[in-house]
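Here are my notes on the model you sent over. Have it open while you read.

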Amino acid sequence: MKPLLRQSAALLALALLPALVEAFYLRDKVPWQSRVADSQFVEVATARSWGDNALWIDARPTDEFERDHVPGAVSLNEDRWSEGLAQFMGTQWTPQKKIVVYCSAASCNLAEDVARRLREEAKLPNEIRILKGGWEAWQQK
Amino acid sequence: MAAKVVWRAIAVLIGGLFVYAGAVKIIDPVEFARDIDNYKMLPWQPSVWLALYLPWLEILCGLALITRILFRGAVFIVTGLMIVFIVASIVAKARGLDVSCGCFGHASQHLNFTWHLVLDFLLLGGLLLLWRRPLTAR
């Protein structure tokens with residue numbers, strides 16, 4: 001039993017060293033405080049006040065989008081990314097407008113993933129925000 | 001002799017899988033932190049630290065299984081990790097969370113829940129075999 005615990009402790013301790021080095025190396029690139037910075041969110045009231053200056057993207061699964069969605073929103077989710085992105089770029093996108101991405105509620109991460117892909121993969125220059133509280137918050141206001 | 005060969009093959013296979021699983025996650029620890037966070041079991045900060053630590057632990061344990069250095073400790077840790085992965089996956093599913101396990105980075109994001117569990121239980125079965133080391137094996 002003792003060698004087993006000793007060996008396990010050795011492995012657990014050894015793994016700590018490269019992890020600490022990596023943490024130090026990536027210290028400026030890792031979002032330590034929260035998964036998404038507060039500055040990336042937008043309140044429902046603010047997003048509504050943008051009116052025609054905002055483009056809305058619904059990141060929920062397509063069936064939920066088809067049941068109901070924010071007026072004028074386009075469905076763009078991970079399951080049909082290429083098709084949805086092409087549709088969005090072809091019909092609605094302009095570089096001047098803000099983009100608001102939402103999913104079902106505060107606990108979902110789909111909007112965050114879509115917003116990140118729009119920035120990093122599609123390389124859109126727009127101001128891209130995530131709707132705080134998602135579709136649930138939109139319905140309550 | 002045959003038992004020893006099978007035993008070694010299982011150890012190398014599982015070790016190789018863990019080295020691969022750790023290596024693909026080291027490339028993007030923030031992505032792995034998001035995968036951990038998706039399970040909604042830990043606050044964000046511990047998820048980040050775990051995302052930085054776990055891949056290295058997987059690699060070291062994988063190498064230990066392949067090289068047979070600190071072998072028993074590696075089998076013990078990897079078995080523990082597998083049990084935690086399986087329980088976390090089942091709990092997440094029961095809570096209605098549709099999460100990518102993140103086990104093999106982006107390579108596993110399209111692995112559905114059933115296949116994820118099948119793979120996990122196969123690995124766990126292999127690990128349980130490794131606990132019963134053949135007498136001829138060192």
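1. Start with the loop between H3 and H4 of chain B, where Leu70(B) sits. Helices here are DSSP runs of H or I with at least four residues, strands are E runs of at least two, and both are numbered from the N terminus. Leu70(B) is not a glycine, yet its phi is positive, about 55 degrees. Leu70(B) is also buried, with 24 other C-beta atoms within 10 Å. (Buried means 20 or more other C-beta atoms within 10 Å of a residue's own, exposed means 12 or fewer, and partly exposed is in between, with C-beta atoms placed from the backbone.)

2. Arg68(B) is in the loop between helix H3 (44-67) and helix H4 (71-94) of chain B. Its phi is positive too, near 70 degrees, and Arg68(B) is no glycine either. Arg68(B) is partly exposed, with 15 other C-beta atoms within 10 Å. For background, most residues other than glycine have a negative phi.

3. A word on the basis: this is a predicted model, where local features need pLDDT of at least 70 and side-chain atom pairs count only at pLDDT 80 or more, while totals for chains, interfaces and linings use all residues. Residues are numbered from 1 along each chain as its sequence is written, and chains are lettered from A and ligands numbered from 1 in the order written.

4. Now the contact: 21 residues come from chain A and 21 residues from chain B. Two residues are in contact if their C-beta atoms, placed from the backbone, lie within 7 Å. On the chain A side that touches chain B, there are 15 nonpolar, four polar and two charged residues. (Nonpolar covers Ala, Val, Leu, Ile, Met, Phe, Trp, Tyr, Cys and Pro; charged covers Asp, Glu, Lys and Arg; the others, Gly among them, are polar.)

5. Chain A splits into domain 1 (1-30) and domain 2 (38-140), with bounds from an automatic or database domain assignment. Over C-alpha atoms, the centres of these two domains of chain A are 39 Å apart.
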